[in-house]
Amino acid sequence: MSYKLQFAELLPYWNVLLYGLVFTIVLTIVSTVVGIAVGTAGAAARTFGPGWLGRIVAVYVELIRNTPFIVQLFFIFFGLPALGLKLSETTAAFLAMVINLGAYSTEIIRAGIEAVPKGHIEAGLSLAMSKWEVLRHIVLNQAFRKIYPALSSQIIIVMLGSAVVSQISAEDLTYAANYIASRNFRNFEVYLLVALAYLLLAMLTRSLLRALGRVIFKAR
Amino acid sequence: MLQFSFWDILSNLLIATQWTIVLSLIAFFCGGIVGLVLLFMRTSRIAPLEWFTKIYIEFFQGTPLLMQLFLFFFGIALFGVEVSPWMAATLALTFWTSAFLTEIWRGCVEAIPKGQWEASSSLALSYIEQMRYVILPQASRIAVAPTVGFSVQVIKGTALASIIGFVELTKAGTMLNNATFRPFLVYSLVALIYFCLCFPLSWWAKKIEGRLNVAR
């Protein structure tokens, strides 16, 4: 191999990379919070809601889980304007991420809810707790404790999947990499650096979520 | 000017779907073979082999598939070899698939009770023989459902090959959209075709999983 890697050529672009990194982090945090809220509502609708609502949620979940994220993104960004709903790249990226994580977390949280023994719900109701109180203090409390590891890995998968939003020119970390590569043609160097940044981000997210889990679900 | 009818769009997409299927099959089978080798290394209890697989898995599970595609596409070119999108996509998807399959299968191997290892080792079976005749036949039973489930991820993963210029379903969709300016129709059809490929597999995986729970 006669080619010499030249990482120094990336230095002048540190601010571009930093901006992309922050964008990716914010995108992940926002879509995690909103996506899990969507997932909780979806899971509750599927298990406790009326039949028709449950079926609509089921179709949503299966449609999202069985199509690639990039197609969902293109559909939202290029397809929806044809119906008169025009979105900026950033809005489309956030929306696609929320819709995607919402579907996956619906399925994960539903599994958690179904693992809660029926007797617990009946016990709660017989103690004159309202339906909402039972859902909040008995069902969701236990469900989240059980599915927390699965949800954590889904968050990391979604974070890595967010690299695709660069394709509609939302300015995330991958977009920064593409931008730099198109400027100085150090393709391999920049993609290696950014890949390692993603790796670090994934490892950090994992340990952060684990620590957070220990605080939220303190052993009783 | 050339006009595209609905059937033109659909038939072109279906032609491109063949490449999605071919790429998925190659990635899945090559990834499976590499994954099996890695599985032997990962469970071998030989420290350097285990460390290598750990780092390998960490890298391929911890970085975006898109980055891996870029790295293969631009990385191999540094050696002076001409890289086609086809080659980069096959390699990246194979390695990516193998990392996930190894982790899935390792979980299945570890689910086999320790007594099976001890019994087979007291029968003087070597490590390879233990795996071949005792552990893998039992582990493969539990492995079917998650493996089929993961094949859905492989099919969805091939969509990213469109970004480095490999013409499969997603790329064909983008090209047809550029030619027809009917994004809503084109991307709906693309999504629908992916759904028709993936949903039967998801459904099948769920069914096998359910059957396994009854047996337990």
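Predicted model: local features only at pLDDT ≥ 70, side-chain atom pairs only at ≥ 80, totals over all residues.
1. B:Glu50 counts as buried at 18% relative accessibility, and B:Arg42 counts as buried at 12%.

2. Over all chains, a search of the whole structure finds nine salt bridges.

3. One contact to display is the salt bridge between the side chains of A:Glu107 and B:Lys206, at 3.5 Å from N to O. Here A:Glu107 lies in helix H4 (residues 89-114) of chain A and B:Lys206 in helix H8 (residues 183-215) of chain B, so the pair joins two chains. As for cover, A:Glu107 is buried, with a relative accessible area of 10%, while B:Lys206 is partly exposed, with a value of 46%.

4. Another salt bridge for your list is formed by the side chains of B:Glu58 and A:Arg206, at 3.0 Å from N to O. This pair also joins two chains, because B:Glu58 lies in helix H2 (residues 47-62) of chain B and A:Arg206 in helix H8 of chain A. B:Glu58 is partly exposed, with a relative accessible area of 25%, and A:Arg206 is partly exposed too, with 33%.

5. Two or more lining residues each come from H1, helix H6 (131-161) and helix H8 (187-216) of chain A. By type, the lining of the second largest pocket divides into 16 nonpolar residues, five polar and no charged.

6. Finally, please have a look at the surface of chain A. A nonpolar patch there is formed by A:Trp14, A:Leu18, A:Val22, A:Ile25, A:Val26, A:Ile29, A:Val30, A:Val33, A:Val34 and A:Val38, which together have about 840 Å² of accessible area. One of these residues, A:Val26, sits in helix H1 (residues 14-48) of chain A. A:Val26 is partly exposed, with a relative accessible area of 38%; patches are made of residues with over 30%, so A:Val26 passes that cut-off.

Key. Residues numbered from 1 in each chain as written. Chains lettered and ligands numbered in written order. Heavy atoms only, no water. Patch = residues over 30% accessible without salt bridge, like charges linked within 9 Å, V, L, I, M, F, W, Y side chains within 5 Å. Areas by Shrake-Rupley, 256 points an atom, 1.4 Å probe, with all protein chains shown as cover. Salt bridge = Lys/Arg side-chain N within 4 Å of Asp/Glu carboxyl O. Helix = DSSP H or I, 4+ residues; strand = E, 2+ residues; numbered from the N terminus. Buried < 20%, exposed > 50% of the residue type's maximum accessible area, 1.4 Å probe, protein only. Nonpolar A, V, L, I, M, F, W, Y, C, P; charged D, E, K, R; others polar.
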